[in-house]
Structure formats: C-alpha cells, structure tokens
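Dear colleague,

I am passing on a structure that may be new to you. Please have a look at it first, and then read the notes that follow.

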Amino acid sequence: MPADSLPTGPVGASGMPEERDLGLPPSQRTLAVDWGGKRTGLAVCDELGLLVRPLAVWPTGSRKSLVARVAALITKEQVVRCVVGLSRRLDGSDNQATAQILAFVEALRRATPVEVITWNERLTSVAAEDWLREQGIPRERWKSRQDAIAAAILLEDFLAAQARR
C-alpha cells in the first residue's frame with residue numbers, strides 16, 4: 001500500500017491506526033436477557049451482529065445481585081447494548097412479570113453506560129421448547145438450557161428487526 005494511501009488519524013497502542021479509522025463498522029455486540037422469576041437466560045452476538053449464541057442460565061436471585069452480575073458481564077463481553085425481553089400477555093397488556101422486568105431494566109440502566117432496550121419476548125420460551133424437542137434433548141435437561149435459548153431467539157428477533165430498518 002503506498003504511504004499516501006495509509007489511513008491517517010489517531011494511532012492505537014499497537015502503532016496501527018485505531019479501528020474506527022480503518023472504516024470498520026462500529027461494534028454491534030449485543031447481550032440479550034430473558035428475565036424469569038427463577039432463572040434468567042443470557043445470549044450474546046458477535047461484533048457484527050450476525051452470530052448469536054446462548055451464553056448462560058443464571059438463578060435470578062435478587063434484583064440487585066442480578067443487575068451487578070449482568071453489568072459485570074456487559075463489561076467482560078464488551079457489549080454495546082443490552083436487550084431485555086419484556087413479558088406481556090398475548091393481547092399486549094401487562095402480566096404479573098412486567099413490572100418486575102421494568103424495575104430490573106431501570107436498575108440496569110443506572111448501573112451500566114450501555115443502552116438498555118426492552119423487546120417483546122412473546123413466545124420465545126415456546127420456540128425454545130420446540131427447538132430442544134427437535135434436537136432430541138431430554139426434557140430433564142431443558143431447564144439448564146431453555147432460558148439461554150429463549151434469550152438467543154429474542155436476540156435474533158431483535159437483530160432481524162434492526163436489519164430491516
């Protein structure tokens with residue numbers, strides 16, 4: 001590459017131009033949280049927002065504890081935004097979990113600098129059950145996976161909607 005065509009601008013610690021100066025798209029790494037009264041599923045995507053993977057299922061515990069764990073994960077995984085599944089009835093009205101999820105979302109927004117978005121999680125748990133059944137995974141092993149798979153389905157739905165914009 002001729003010297004006059006090298007990118008100019010700030011140089012990173014490696015002596016190379018910083019990523020933003022190389023024309024790379026900004027990171028789209030997104031964390032999805034499928035909050036549940038007992039268990040919370042987590043999924044994450046790559047920097048390009050293309051590959052989604054189930055990450056973990058955690059006991060929900062207290063709101064304060066869960067917020068601290070999710071905020072630490074956001075930092076560790078270098079997440080730029082977080083999508084939290086919002087549970088509602090099929091007619092769109094609030095259900096018994098909606099207020100708890102919204103309180104969790106507000107606490108997470110205060111605890112982390114990244115954008116925290118709510119997204120309709122309708123039928124993600126059912127879709128996760130269908131996937132587990134199709135994969136032939138025994139029902140007794142579903143609890144350890146279902147919520148993370150539901151979070152991955154939630155994240156795929158969110159990313160697909162963003163791509164259509």
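**Surface loop and patch**

Leu51 lies in the loop that runs between strand 2 (39-45) and strand 3 (52-59), where strands (E, at least two residues) and helices (H or I, at least four residues) are DSSP runs numbered from the N terminus. The model is a predicted one, in which local features need pLDDT of at least 70 and side-chain atom pairs count only at pLDDT 80 or more, while totals for chains, interfaces and linings use all residues. Residues are numbered from 1 along each chain as its sequence is written, and side-chain values use heavy atoms, with hydrogens and water left out.

At 60% relative accessibility, Leu51 counts as exposed; the cut-offs are under 20% relative accessible area for buried, over 50% for exposed, and partly exposed in between, with a 1.4 Å probe and protein chains only. Together with Leu48 and Leu50, Leu51 makes a nonpolar surface patch of about 350 Å². Such patches are made of residues with over 30% relative accessible area and no salt bridge, with nonpolar side chains (Val, Leu, Ile, Met, Phe, Trp, Tyr) joined within 5 Å and like charges within 9 Å; a salt bridge is a side-chain nitrogen of Lys or Arg within 4 Å of a carboxyl oxygen of Asp or Glu. The accessible areas come from the Shrake-Rupley method with a 1.4 Å probe, and for residues only the protein chains shown count as cover.

Thr60 is found in the loop between strand 3 and helix 1 (63-76), and at 2% relative accessibility this residue counts as buried. The C-alpha atoms of Thr60 and Thr40 are separated by 5.4 Å, although the two residues are 20 apart along the chain.

Turning to the aromatic rings, these pair if the centres of Phe, Tyr or Trp rings (for Trp, the six-membered ring) lie within 6.5 Å, and planes under 30 degrees apart count as stacked, over 60 as edge-to-face and the rest as tilted. By this rule there is one aromatic pair. Trp119 and Phe158 form it edge-to-face, at 5.1 Å centre to centre and with 90 degrees between the planes. Because Trp119 lies in strand 5 (residues 115-120) and Phe158 in helix 4 (residues 146-164), the pair ties together parts that are 39 residues apart in sequence. Trp119 is partly exposed at 21% relative accessibility, whereas Phe158 is buried at 2%.

Lastly, the structure holds zero disulfides, a disulfide being a pair of cysteine sulfur atoms within 2.5 Å.
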